[in-house]
Amino acid sequence: MKTIKVYNPSTGSLIDECADMSESDVKIAIDRTVNAFPDWSKKLASERSVLLRNWYELVKADKEAFAKLMTQENGKCLSESRGEIDYGLGFIEWYAEEGKRVYGDTIPTHDPNGAVVVTKEPIGPTASITPWNFPFMMIARKIATALAAGCTMIIKPAEDTPLTAYKLLEYARTAGIPEGVFEVVTGDPKMIGPLFTGDSRIKKISFTGSTQIGKLLAEQSANTLKKLTMELGGNAPFIIFDDAQIENAVKGLVSAKLRNSGQVCISPNRVYVQGACFDKVIGLLTDAVSKIKVEDGLREEFVVGPLINQKAIDKVSALVNKTIEQGGKIALGGKNDEKGGLFYEPTILTDLTDNMDIHNTEIFGPVFAVYSFDTEEEVISRANDTEYGLVSYAYTENLGRAFRLSQRIKSGMVVLNSGSVGTASVPFGGVKESGYGREGSYYGIEEYVEVKYTLFSGLNLQ
Ligand code: NAP
């Protein structure tokens, strides 16, 4: 059997391998997903809830094993892996409950002898494709929502991090979630993608990954008119006004940026600092970042781990070099870490302008790109000057300004005076080329149901 080998990005050593499935293997798994739908969708929401809850309890009881595996296959440090598991478990717990609250409506009718009833039905068998940067949470979030709504789901995890997905599958089976309700396939994405998009029995695809592949999948899905959720790339502005609590702002920035070594779609990509506090921010930032170690993630304290693979570190290194060629200055770091391998130094770049490549590129590495600005109007316009619109951060103590930012910034999420975005109860998602659809909260489950209106006429009510 052909296999996919999974390597530890910190050490380069082989961790394990998983199936490199053939087209017929994938088709069989799709059949199972389709065949499991009628029974699963007919279950009571409360019965599905019990199974999701069983799964939640089993995974929670073995959190350390999941955390260690994830640190080994992804590189993020243990404390981050544990945090990601709590975050992902939060979705399973939330949707185990939310599935019981997929309410319909009755609507005042136009028919004197009739009644209008609106119901919500599970959309059908679904598929999903996920990236490597959140190997646990991304899968838990999608599967929990689909299953709670009464849908079945087949998932293709990223080639770099399939082991967490298979472990989640194993625990789901032990929890009593039947075969076919949740399936995992691994193999060539160029083969699997069209099998998902071209199959008219699959009614919805949820994709998280790059905008480029999102567009490709949307194109491929046009023939079968599938409902899509697209969680794509970002180019998040992080704005610090001089009226902000500067220490808090820098703290929020460091934690948001260095999470997963900067390989996060909501990572601050363009840091805008108002002129009067620029030097202070750079001083505090340099001080804070220079204290953080770059290490293998299998340690208790927070460390910046490796990038996911050679392609990723080459891309970050080339982008930093290009920025320097274009006139940027290095305040800290600026090169591959002396440890070698896939480790890159946490880096702070200044003297940047909006026409440099880095301004329009998703950095996906531990690199702070810091720009200065003068006025609120100017920074809003610059923040919006991107094809992306996932999240925007700003720190200010001015309430009116906070409201103006919330209204005028074009992104699916605006986070004020915090560097922390996600939790199960909020709608996560973007606008513009960051995609469409929402995950999390009661909005998330709407993506997996169809709204049906029934007119009951001839009721002889008059
Ligand atoms: P990617 O290259 O788009 O890969 C994501 C997934 O798509 C992987 O499972 C990959 O499989 C698969 N894939 C690749 N080519 C495909 C094809 N032709 N057909 C079908 N599937 C295909 O993205 P990435 O580099 O792994 O992840 C980083 C990107 O994801 C960034 O742009 C980031 O911003 C975005 N992201 C967005 C969010 C969000 O919520 N908005 C969250 C996290 C990441 P293989 O791994 O097997 O190649």
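## Basis of the model

The structure is a predicted model, in which local features need pLDDT of at least 70 and side-chain atom pairs count only at pLDDT 80 or more, while totals for chains, interfaces and linings use all residues. Residues are numbered from 1 along each chain as its sequence is written, and side-chain values use heavy atoms, with hydrogens and water left out.

Helices (H or I, at least four residues) and strands (E, at least two) are DSSP runs, numbered from the N terminus.

## The largest pocket

A pocket is an open set of points on a 1 Å grid over the protein atoms alone, where a 1.4 Å probe fits, with protein on both sides within 12 Å along at least five of seven lines; its lining residues have an atom within 4 Å of a point. Grid points are joined across faces, edges and corners, and a volume is the space filled by probe spheres set on the points. The largest pocket has a volume of about 1300 Å³. Its lining comprises 38 residues, with Trp-132, Gly-209, Ser-210, Ile-213 and Lys-311 nearest the centre.

At least two lining residues come from each of helix H7 (189–197), strand S8 (204–208), helix H8 (211–221) and helix H11 (310–325). H8 gives the largest share, six residues. The lining divides into 17 nonpolar, 12 polar and nine charged residues; here Ala, Val, Leu, Ile, Met, Phe, Trp, Tyr, Cys and Pro count as nonpolar, Asp, Glu, Lys and Arg as charged, and the others, Gly among them, as polar.

## The second largest pocket

The second largest pocket has a volume of about 300 Å³. It is lined by 17 residues, and those closest to its centre are Tyr-87, Phe-134, Arg-259, Ile-266 and Gly-422. Helix H4 (78–98) and helix H5 (137–149) are the elements that give two or more residues to this lining. The largest share, four residues, belongs to H4. By class, the lining of the second largest pocket has nine nonpolar, three polar and five charged residues.

## Aromatic pairs

The whole structure holds 10 aromatic pairs, defined as rings of Phe, Tyr and Trp (its six-membered ring) whose centres lie within 6.5 Å; planes under 30 degrees apart count as stacked, over 60 as edge-to-face and the rest as tilted. The rings of Tyr-87 and Phe-91 have centres 5.4 Å apart and planes at 45 degrees, so this pair is tilted. Because Tyr-87 and Phe-91 are four residues apart in helix H4, about one helical turn separates them. Both Tyr-87 and Phe-91 are buried, a term for under 20% relative accessible area, with exposed for over 50% and partly exposed in between (1.4 Å probe, protein chains only).

Phe-238 and Tyr-395 form a stacked pair, at 5.6 Å centre to centre and 25 degrees between the planes. Phe-238 lies in strand S10 (residues 236–240) and Tyr-395 in strand S16 (residues 391–395), so the pair ties together parts 157 residues apart in sequence. Phe-238 is buried at 0% relative accessible area, and Tyr-395 is buried at 4%. Elsewhere, ring pairs link Phe-66, Phe-136 and Tyr-171 into a cluster.

## Cysteines

The structure contains zero disulfides, a disulfide being a pair of cysteine sulfur atoms within 2.5 Å. For Cys-77, the closest cysteine sulfur is that of Cys-265, which at 18 Å is too far for a bond. Cys-77 is buried, at 0% relative accessibility, and Cys-265 is buried, at 16%.

## A buried loop residue

Ser-10 lies in the loop between strand S1 (3–7) and strand S2 (14–19). Ser-10 is buried, with a relative accessible area of 14%. Leaving aside residues up to four places away in sequence, Ser-10 touches Asp-296, Gly-297, Pro-306 and Phe-343, where contact means heavy atoms within 4.5 Å.
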